[in-house]
Structure formats: C-alpha cells, structure tokens
Amino acid sequence: MQVIQPMPEATQVLVKAWVGAVIILSIYSFLYNDNKLYRMVLNACIGITFGYGLIITWKQVLGPLWWDVMWGNMAQIKHGGVIACIGAYPLPFLYWLFLGIIGSFWYFQSSRRYLWLARIPIGIMLGANAGIIFKQQLLQNRDQIIDSARPLLATGVNGTWPSGQPWMGSGMHIDIWQSVSNLIFVVGIAAVMVYFFFSFDHTNPTVKRTAGLGRWLLMLCFGGFFGNTIMTRMAVLLQNIEFMNNEWAPAPIAFGHRFSVASGWVGLGLLVVGGLIYTIWYLLRKPTKPSGPDTPQTEEELGAAVTR
Amino acid sequence: MLDFLARLQTIDRRWIYLFVAVACALPFYVNTEVKVYVFPETQMFFDSVQAVKTENDRIAANNVKLAAQNKPTVREKVILLDSPWGPGSLAENKGQDEAVFEHCLRERIPLIIMALDGDVNAPRYIDDIIENLQKRCPELRDRKYGVDWVNLGITKTDWMAMMQMAKDFKKQLKQDSKGTSTTDYEKLPIMKKIDNINDVGLLICINGWPNENYVPFIHQQYGTKLAFGGCGMSSTYLYRFIPSGQICGFLVSTRAAAEYDTLIHRELLHDETTAIHANYGSKLIVPLAYGHLVIILAIVLGNIGYFATQRKRRAG
C-alpha cells in the first residue's frame with residue numbers, strides 16, 4: 001500500500017499562509033462590492049466549520065458523555081459481544097438509548113411531516129430553562145440591586161497602617177470624589193427608571209426633565225457600546241493585517257531569497273491580473289434585472305407597484 | 001466653502017476603509033511605541049491570579065508542617081479557565097489567553113483549561129498559544145502538559161454542565177482534548193488536584209462574550225472567585241459585575257491583553273523594556289491606537305459636514 005508522505009514543514013507553512021491570505025482577501029473583497037468569490041469562500045468556510053464541528057462534537061462531547069456511557073458495561077462482558085452486554089445490563093443501556101433517541105428528535109426540525117417530534121426535546125428544554133431562570137435572575141441581580149443603594153455622602157478613614165487597618169482615633173472624613181461618583185450613579189439609575197416608566201404621561205415638568213436626563217444617559221451608554229464595538233471590529237481587521245504581515249509575507253523566506261522574491265512577484269502579478277479580469281468583467285457585464293416573485297419586471301408592473 | 005464642507009458627509013465609505021487599513025498597517029512597518037497604562041480592572045484580574053499563587057505557597061508551607069506531624073496534607077488550588085472563543089474574537093481573546101497562560105506557567109499555578117459550549121477550533125487554539133508561548137519564552141519549556149496544565153477540550157450544555165462540574169468535575173469532563181481519561185493520573189497528574197468546585201481558587205472565563213451564567217451558578221452559589229475576559233462589545237454590558245463584587249477582574253479587548261503583558265513584565269520579571277510587542281495584545285495595541293485616531297477624525301469630519309449641510313439648508 002502506498003503511504004502518503006507528509007509535506008515538508010516549510011511547504012506546509014507556505015501553503016497554510018497562502019490559503020489564509022486568499023481567504024482573507026476574498027472575504028474583504030466584500031468591502032468593495034458583493035461578488036461571487038466572496039460568496040464561494042464564505043460558503044466553503046461554513047461547510048468546513050460544520051464538518052469539523054461534527055467530528056469534534058462526536059469525539060469530545062457525544063462520545064464520552066453518551067456513547068461510551070451507554071456501552072460502558074461492554075468491558076465487563078467476556079464473551080458474547082453486543083447482545084450479551086445488552087442482555088446483562090438492559091436498564092442502563094435502555095436508559096441511555098432512550099435519551100439518545102429523544103435528543104435526536106431535534107433534527108426533525110428540518111422535516112415538515114415529523115416536526116411535532118422535535119417539539120418533545122424543545123418542550124423539555126423550555127421547561128428546564130423556565131425553572132432555572134428564576135434562580136439565575138435572582139442570584140445574578142441581587143448583589144447589583146443591593147449595590148445600587150449607595151450613600152450620597154461617602155466616608156473614608158483619615159489614615160491607615162501599611163496593613164490597611166485604620167489608625168486609632170483617626171476618625172472618618174467625607175470622601176468627596178466617591179460621594180460625587182455615588183451621586184451620579186444614583187441619579188443615573190433614578191433618571192433612567194423614570195424614562196422607562198410608561199404608566200402615566202410625562203407631562204409633569206419634573207418627570208419630563210428627569211426622563212430627558214435618563215434619555216441622555218442612555219445615549220451616552222449606547223455611545224459606549226458603539227465605541228467598544230468599533231474597538232472589536234478594528235481588532236478583527238488588525239488580526240488579519242497581523243497575519244498577512246507576520247505569517248504570509250515571511251512564509252517564502254524558508255525557501256531562500258530567490259524563491260521569496262519570485263513568490264512576491266508572482267503574488268503581486270496574480271493580484272494585478274485578478275484585479276484586471278474583475279474590472280473587465282465588471283465593465284462588460286450586462287446590467288441584470290432584479291429578480292424575485294414580487295419584483296416588477298415591466299414598466300406597467302412598476303407603475304402598479306408604485307401606485308400600491 | 002460651505003459646499004466643500006457639506007461634501008465631507010458624502011465621502012464614499014470605501015475611502016474610509018482604505019484610510020483605516022493604511023493607518024492600521026503602518027505601525028507594522030514603522031516602529032512606533034505607545035505607553036500602556038493599566039486599568040484598575042486589569043490590575044484586579046492580575047492580583048486575583050497572583051492571590052492563587054500566594055494561597056498555594058501558604059498551603060505548601062502548611063503541608064510541610066502537617067507532613068511532619070503525619071497528618072493528611074491539603075491540596076493546592078487550581079485555576080479553571082474556560083476558553084471557548086473561536087476565530088470571530090481571536091484578535092481580542094488570544095492575547096488575553098496568552099497573558100493568563102504565561103502568568104500561570106511562570107508562577108507554576110496549576111491550570112485546567114476547557115471550552116464550555118465552545119467553538120470547535122477552541123481546543124486547537126489553546127494548544128497553539130501554549131506552543132508559541134514556550135517557543136517565545138525558553139524558561140517556560142520545562143512546564144509539562146498534564147503536570148502544569150491540561151486542555152480538556154469542549155463540553156456542552158451551559159448551566160447544566162456548570163452545576164455538574166461544581167459537584168463532580170470528572171463526571172462532566174471525562175477526557176482531555178486528546179482523548180486521555182481525566183482519571184488517568186499517570187498521564188494527567190494535574191487532575192488529582194481537582195474533584196469539585198471547592199478545589200478551584202479562581203474561575204476565569206475568556207470569550208467574545210463571557211458566559212454570565214457563571215455568576216449565579218458558580219460565584220453566587222459556591223462563592224468561587226470569578227474573573228472575565230471579553231471583547232470590547234461585551235464590556236459595556238458586563239462592567240456591572242465589577243462594582244457589585246461578583247467578578248474580581250475583567251480583561252477588556254486587546255488593550256487589556258497589552259496591559260496584562262505589561263504587568264507580567266513589570267511585576268514578575270521586573271523589566272519594563274521588553275513589555276512592548278511580546279504578547280499578541282502588545283503587538284496589536286499600537287495599530288489599534290492609529291485605527292482609532294482615523295475613526296475619531298472621520299467622526300469629526302462627518303459632524304463638520306453635518307453642520308455645514310444644516311447651515312447651507314438654512315441659508316437656502
């Protein structure tokens with residue numbers, strides 16, 4: 001039997017880097033315009049992740065937590081194999097088999113005829129989650145509700161020993177900055193709660209202004225969300241630039257200077273030729289009509305759609 | 001002039017993408033450094049990890065006395081790290097993981113890593129990060145898999161898994177990512193140190209959006225110390241757990257990875273000069289700052305354009 005020889009390490013690095021680079025550039029080509037290459041690479045990535053995920057889920061989750069447990073008594077059976085194992089330990093086997101069958105009903109979500117079977121595991125999960133949500137919400141929010149009641153005049157000790165213990169008779173002083181912080185915190189909570197109080201009209205000037213303050217504070221919060229989202233998206237871009245700079249660009253160096261320079265020119269050439277082909281195709285293509293069951297195709301249909 | 005300013009609002013978005021890309025790429029070629037200031041929540045995170053080391057040192061000293069008296073010794077605490085992130089948040093979580101791994105391996109704090117409801121790539125990323133870390137830091141090459149750390153791979157079912165792990169850890173995680181049984185103590189001696197949640201000195205969840213269910217089901221129920229590492233997007237929502245004391249540290253995005261790296265160099269290695277560009281987060285912090293500057297500039301220009309358009313409309 002012929003054994004497939006693994007690629008040399010330098011070739012592996014080169015292939016990995018180029019595959020990565022092509023995928024990154026194809027995905028980012030969407031920033032210019034939607035195109036077939038982007039969609040092809042996207043679908044390939046989804047397919048690969050799904051296939052890989054299936055194997056990993058079986059090996060690391062379903063295997064050890066269900067299959068191995070179901071056949072766990074097999075090792076204790078000396079002769080007779082599968083049938084003897086089931087015969088000797090029918091209850092544990094049937095219990096795990098039953099759970100497996102119930103679990104597999106999830107997949108009937110893709111069948112119109114047997115969709116009702118999928119409702120069994122969904123119902124079990126809904127019931128369990130509905131029960132646990134009380135505990136989850138209570139325990140998660142309790143400490144935050146307690147923390148919301150803060151003193152508007154915060155105090156601190158005047159002096160402490162290196163161990164953190166206060167000096168004897170050091171007394172307490174008003175901590176100005178902590179007090180201001182607490183005031184903003186408490187006013188913020190009150191204002192936002194007033195904003196979300198819809199049981200009466202916000203016609204009273206005090207209520208109206210407090211709700212207005214609440215709206216401003218919410219806007220500030222959304223600004224924070226937006227800023228942090230930009231940081232996340234920027235980091236994703238940087239990750240790809242870092243890959244291109246630190247892994248893709250130096251990958252050919254392992255093959256020597258000449259190969260490195262040649263591959264750089266080939267890469268640049270491919271980019272230029274690809275760009276030219278795309279530009280020519282883009283300029284020569286026929287303008288396509290938008291398609292879809294409700295899309296007006298004739299001028300009369302368009303007029304009728306506008307009138308509607 | 002008003003016409004020119006009004007046009008600022010209609011700049012094609014693709015030009016902005018290009019400017020951002022150039023601004024982000026430039027620092028990779030032009031050597032630039034920025035001073036990294038450590039935020040309090042990152043310092044708290046670092047201190048919490050260090051506190052496990054201090055506790056383990058105390059336990060070890062006490063065990064010597066107990067052994068001399070022929071009394072049973074006490075097990076040292078482990079750090080349980082849930083790291084289920086995938087490619088989507090690699091840029092932010094990789095540096096955070098790298099910094100935490102480095103801290104634990106340097107201080108020889110037993111580290112048990114898993115991926116609860118994780119991305120299928122998560123176990124591979126964990127192995128890659130530790131492999132690269134050992135390549136980068138020769139002094140960490142004597143740390144062994146199964147002795148100093150273990151990668152238990154993926155497990156599923158969220159809060160149900162948490163409750164099971166808290167009571168009987170090895171019943172939920174029966175094998176590591178390579179298929180070795182967690183009760184095979186010859187290959188994985190580190191697993192002797194954990195039976196349930198009482199053996200965990202600090203539970204860390206590093207993910208794009210860290211699993212909040214650890215708060216009610218682990219921290220509130222068992223009192224286990226908890227720390228999060230997340231992407232920037234999640235931080236605005238999850239900061240609320242800090243003032244209430246439900247989490248004892250929070251790593252926010254790439255910048256926190258760079259801050260943690262600075263802390264490792266400053267407090268463990270007593271060396272500030274090598275802090276830049278050592279960790280994945282430190283590599284990205286300068287380009288990130290440049291990218292942010294372009295975005296701020298774009299916002300300012302957009303607003304100038306908006307006010308110019310308004311003024312033009314009023315002028316008729």
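Me: At what angle do helix α4 (residues 90-107) and helix α5 (residues 122-136) of chain B pack?

Reply: Two packed helices are described by the angle between their axes and the distance between the axes. In this predicted model, local features need pLDDT of at least 70 and side-chain atom pairs pLDDT 80 or more, while totals for chains, interfaces and linings use all residues; side-chain values use heavy atoms, without hydrogens and water. Residues are numbered from 1 along each chain as its sequence is written, with chains lettered from A and ligands numbered from 1 in the order in which they are written. Here α4(B) and α5(B) pack at about 55 degrees, with their axes 10 Å apart. Axes are lines fitted to C-alpha atoms, for helices over the stretch in contact, and angles run from 0 to 180 degrees between N-to-C directions. Helices (H or I, at least four residues) and strands (E, at least two) are DSSP runs, numbered from the N terminus.

Me: Which word describes how α4(B) and α5(B) lie to each other?

Reply: Angles under 35 degrees count as roughly parallel, over 145 as roughly antiparallel, 65 to 115 as roughly perpendicular and the rest as oblique. The helices α4(B) and α5(B) are therefore oblique to each other. Their contact (heavy atoms within 4.5 Å) involves residues including L90(B), F101(B) and L105(B) of α4(B), and I126(B), I130(B) and L133(B) of α5(B).

Me: How do α4(B) and α10(B) cross?

Reply: Their axes come within 7 Å and cross at roughly 20 degrees, and the two helices are therefore roughly parallel to each other. Among the residues that make this contact are A91(B), G95(B) and H103(B) of α4(B), with A257(B), Y260(B) and I264(B) of α10(B).

Me: Is E259(B) buried or exposed?

Reply: Buried means under 20% relative accessible area, exposed over 50%, and partly exposed in between, with a 1.4 Å probe and protein chains only. E259(B) is placed in helix α10 (residues 253-268) of chain B and has 2% relative accessibility, so it counts as buried. Leaving aside residues up to four places away in sequence, E259(B) touches V36(B), Y37(B), V38(B), F39(B) and T42(B).

Me: How many residues of helix α8 (residues 214-222) of chain B are buried?

Reply: Seven of its nine residues are buried, and the helix is mostly covered. Those buried include Y214(B), F217(B) and H219(B). The buried residues of α8(B) pack against α5 (115-148) of chain A, and also against elements of chain B including β1 (78-82), β2 (111-116) and α6 (158-167). Just after α8(B), G223(B) has a positive phi of about 75 degrees.

Me: How many aromatic pairs does the structure hold?

Reply: Rings of Phe, Tyr and Trp (its six-membered ring) pair if their centres lie within 6.5 Å; planes under 30 degrees apart count as stacked, over 60 as edge-to-face and the rest as tilted. The structure holds 21 such pairs over all chains. In one of them, F196(A) and F198(A) have ring centres 6.2 Å apart and planes at 80 degrees, so the pair is edge-to-face. F196(A), at 47% relative accessibility, is partly exposed, whereas F198(A), at 63%, is exposed. One aromatic cluster is formed by W58(A), W66(A), W67(A), W71(A) and F93(A).

Me: Which ring does K178(B) lie over?

Reply: A charge sits over a ring if NZ of Lys or CZ of Arg is within 6 Å of the ring centre and within 35 degrees of the ring normal. K178(B) lies over the face of Y145(B), at 4.1 Å from the ring centre. R240(B) lies over the face of Y237(B), at 4.5 Å from the ring centre.
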